Amino acid sequence: MGKYLSLAGISVKNALVYRANVTGRIIFYFVFIFVFFSLWRMVYSGNEIAGYNLTQMVWYVCMTELVLFCSGAGIFGVMNHEVKSGAIAYELLRPWNYIYKQFAGTLGNMTFSASVFTLMAIVLGMIFVGPLPGFNAAAIPFIIVSFMLSITMNFFFLMSLGLLAFYFEENSPFYFIYQKLLFVFGMLIPIEFLPLWAQGILRYLPFSLITWGPAKMVVDFSFGYAIQIIPLQVIWCIAAVSLAHFVFSRGVRKLNVHGG
Amino acid sequence: MAAIKLDGLSKTYKVKVRGEGLKNTFKSLVKPEYKEVEAVKNVSFSVEEGEMLAFIGPNGAGKSTTIKMLTGILHPTSGQAEVLGFNPVKDRKKLSYQIGAVFGQKSQLSFHLPPLDSFRLLSSVYEIEKAEYEKRLARLTELLELEEFLDSPVRKLSLGQRVRCEFAASLLHGPRILFLDEPTIGLDVVVKHKIRDLIKRLNKEEGVTVFLTSHDAGDIENLCRRAIVIDHGTVAVDMSVKKMKYDYLNKKVVSLKFNAETTLEETEGVTLIKHTPYAAKFSVDTRIAAIGRVIAGLDSDNIADITIEEPPMEEIIAAIYTKK
């Protein structure tokens, strides 16, 4: 365990070295929220849509974007590069579990992003639509747990996709499909916008549980909802970690490292 | 005890075959064809504990593939490898505490952080006790003269400085076997010497087994007693470096300076390389003409100076590569 903590420590240091590129992402985040705010302001004519009012809708997007900005999405590229370039060779020489090593190595960056973008989300939400009506401070622990599960789940799914580089010369289509599924099944709109039968399926799938799950918990909290969503997230989290293990342990046998 | 044992070790890669042209591109999309490439074929040998082995061969001969199988990075297609009694693939984690590796063309240090940060991280990854780590670091810092740049980010170091840090990183946990894959590539003479001295000392003082691949004849000559030449995935030569040097080419080069103007004739087994009125250089094929005879045949009163040399190691290696 100690070694993984040291890894996380180093990754915080590394994250601080990279702080320059955070500026770019902050601008990006602002633009996203601004575009969605403008969109929803045009769409809403004062009423609710599928149970969400304009204020909730804008906070909803602030939250789903927050998940994606903290998930260390770079992991797909890192895995892809490590496998294809053979840089993974040194990594495999060490007495650590490669999968957890990568997670620990990203924690610093995630923590850093989480603090920056949580602040961004709150500031932008306040500026564009003001405070959320009826927000209950008792919800905060549930929200934090749900976000952590979301981010972890997303990280390990992205990692699994990146590790597909062991099997395929070109694995980025999987990444694009996954990103689009996240986008349409929860990030862009809450699943309540979709027909009932689709909601019935989606509420059990990881795509919605990553985005819709924690975001709805922020804008429309109820204990009943939290108790239903968090266990599902735990199950999918375990599934994501297991999938990463499976893809890695099978794939590493196929590893080819040429030259050098 | 054998530190490293290979028994019929083989590695086959599957490589997608793509024909030229649009038609073949589509064909490979629908029904990809694979070609099997045998990178390492049925290789068997063993390395004793404390030995320094040169594992050489032309580019693409299978050297790196073999090293990567011995360190547990690549899974062999067939055959067995045993390193310090472990199966490298199955016991990769356990083995990793006991071995170190330097790949001259890859870096294991955090690019943006000072080497000291990477060292500290490695000390906790390898679970080295603090006192032990500090002792070890002090020693390596002294041997490799790292003091002045321990605190500079790796991206600001010269190649020589970086490689010295790579060595320190690989040695912190006191490995019993050191795998070196072209460790001196691109380095200047001074750094090369420093690295060679370090390797020699580790071998002498700590009994570290060294498994070295290099294209630098100097590394091989200076460090290793035994050399294995691998070519097209199989062992082509396995002999002592001394024997290789003295016997392989069966060739001596004689340089002479004369007191008076002289003309030498080529005889059987003797080939002139250079000849001026007051000097000559010729090579002797010792299988055909004994060196003693050739020297005895010279007019000793006329000789001002004589040098008899072995062909350089580089030439020997080149001869081995081209012969196969």
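1. Welcome to this structure. Please keep in mind that the model is predicted.

2. Next, the overall form of chain A. Its radius of gyration is 19 Å, close to the 18 Å that the globule rule gives for 260 residues, so chain A is as compact as a globular protein of that length.

3. Of its 260 residues, 41% are buried. Contacts also reach across the sequence: taking those in chain A between residues at least 6 apart, 81% join residues at least 24 apart.

4. Now to the partner chain. Where chain A and chain B meet, 22 residues of chain A are in contact with 25 residues of chain B. On the side of chain B that touches chain A, the elements giving two or more residues are α2 (63-70), α3 (92-96), β5 (99-103) and α4 (115-125) of chain B. The largest share of that side comes from α4(B), with 4 residues.

5. Finally, the make-up of that side of chain B. Its residues that touch chain A divide into 10 nonpolar, 10 polar and 5 charged. As you explore the view, α4(B) is a handy place to begin, as it gives the largest share of the side of chain B that touches chain A.

Note on methods: Residues numbered from 1 in each chain as written. Chains lettered and ligands numbered in written order. Predicted model: local features only at pLDDT ≥ 70, side-chain atom pairs only at ≥ 80, totals over all residues. Rg over C-alpha atoms; globule rule 2.2 N^0.38 Å. Buried ≥ 20, exposed ≤ 12 C-beta atoms within 10 Å, placed from the backbone. Contact = placed C-beta atoms within 7 Å. Nonpolar A, V, L, I, M, F, W, Y, C, P; charged D, E, K, R; others polar.
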